[in-house]
Amino acid sequence: MKTHARQFNESARHYTADLHHRELIQKALAGYYARRDEFKSRFQSWPAARDLAADIKREAINHLDRYLDEFVSRLEARGTKVFWAPGAKEARDYIIGVAQQHKVRSVIKSKSMTAEEIHLNEALKQNGFEVVESDLGEYIVQLRREPPYHLVFPAMHLTRRQISDLFHDRLGSEPTNDPEDLTMIARRVMRRKYCEADMGISGANFAIAETGMISITENEGNARLTTSLPKVHVALVGIEKVLPKLSDLALFLPMLATAGAGQSITCYNTLYGGPRQPGEPDGPEEFHVVLLDNRRTELLADAEQRDALHCIRCGACLNVCPVFKNVGGHSYGTTYQGPIGSVITPHLRGLQDWKHLSQASSLCGACTEACPVKINLHHHLLHNRRNAVRVYPAPLDNLLQTTFVFVMCRPGLYQLAARLGRLAQPLQRLIRGTVLDPLRAWTKTRSFPALAEKSFRDRWRERKTP
Ligand code: SF4
């Protein structure tokens, strides 16, 4: 069986050589950059807004126990059933149990990366429930039986033609290249599904401790229908989603829209506080909140990398990452792609299998600069590299490092090595990339750095010699 690292390497090599794919991603992001910068400039001060957002998240994460208790007690006071799920299995089992108890046949779901993280759809289907994604991008990738490509834009790797062909094959619609027509095709299917669904499942963008409410921000109105039409609703919420106050949304909603989608604010911003109350005309009769840990508390215990829990899943770090833009979202093989995925996946799913992700970075720091909550992403990638080497030492790497240190600490040896390197350079040029080249894994796609003809020491000596 292929390791995750091998799968990543093979997929990355494939997508990087696919110029059409790269062009598609560049095109999809070109408009985003311009809009993001325009809306950033509407903030009185984007840097000050980032500082404030980082402070608020730091306060929330550093006092997570207190804010979660506050959030839960207010939710329960309005009749919401809260389940603390230590892991993915417990969360899945609880949700399936609720569905069985209510004799659910069909489930409608709004976008939730946390549900992707626990593989909820697969588990529901295995237990005989029909699950339909109601977010358009998610619905498209669900029809293609593939995972979302990007945290925010799940189907950004597809052309209109591909979507039209997909709808034609799976839904029997007429081919069209018009985005509005394509949306209407999905909308017609979806409207029926909303009415048929016995249970709705959503995620949450934020969980407000002060009011015990869930905030969902979206552009299609699908989350509103998902949360209000079915009789039973389940919201799956990662414990790190907490914000202390309702007023914090005044900063976080426009910030998420700006950084995530290049919008001033998303079209629908809704707060959900529990089941339908007496006298209310709509809303679910039963409301469940599943609070998911799934190793987040282990990350919380890591003082060095705890701030990775500040992430608001805006996807901005993916959009600027040169590696993501070349290898594409599916190469990662993870729920969370790009820089933030490479930082948190080794914590959430195990360092041994996912340590290779921290190497999928040029450490250029573009992700850190783009992050609205100021997570020091490229430093965290370095921390992960260091942790990987400490816990799983690679004998060859160790030998190279030890040799390097040994040579560098002995000037005579260093000079000898540099002379030998200079002598071997013409030969290396001759055999570069061929089977005779011991460095061909490196030189196949990169040029080997040339040694200067003369060392600094030699030039200095010549200069001083009259
Ligand atoms: S790490 Fe920062 S930029 Fe990346 S998704 Fe999270 S909040 Fe957005």
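The shell around the ligand divides into 12 nonpolar residues, 1 polar and 1 charged. This is a predicted model. Of the 14 residues around the ligand, Cys 311, Cys 314, Gly 315, Cys 317 and Cys 371 come nearest.

Now turn to helix H9. H9 runs over residues 160-171, 12 residues in total. From first C-alpha to last, H9 reaches 15 Å. That is close to the 16 Å expected at 1.5 Å a residue.

Next, Asn 222. Asn 222 belongs to helix H11, which spans residues 222-228. Is Asn 222 buried or exposed? Buried means under 20% relative accessible area. Asn 222 has 5% relative accessibility, so Asn 222 counts as buried. Which residues does Asn 222 touch, leaving aside neighbours within four places in sequence? The contacts are Ser 110, Lys 111, Ser 134, Asp 135 and Tyr 194. Ile 25 gives another reference point for Asn 222: the two are 197 residues apart along the chain. Their C-alpha atoms are separated by 25 Å.

Terms used. Residues are numbered from 1 along each chain as its sequence is written. This is a predicted model: local features need pLDDT of at least 70, side-chain atom pairs count only at pLDDT 80 or more; totals for chains, interfaces and linings use all residues. Side-chain values use heavy atoms; hydrogens and water are left out. Helices (H or I, at least four residues) and strands (E, at least two) are DSSP runs, numbered from the N terminus. Buried means under 20% relative accessible area, exposed over 50%, partly exposed in between (1.4 Å probe, protein chains only). Contact means heavy atoms within 4.5 Å. A residue is near a molecule or strand if one of its heavy atoms lies within 4 Å of it. Ala, Val, Leu, Ile, Met, Phe, Trp, Tyr, Cys and Pro count as nonpolar, Asp, Glu, Lys and Arg as charged, and the others, Gly among them, as polar. The expected span of a helix is 1.5 Å times one less than its number of residues.
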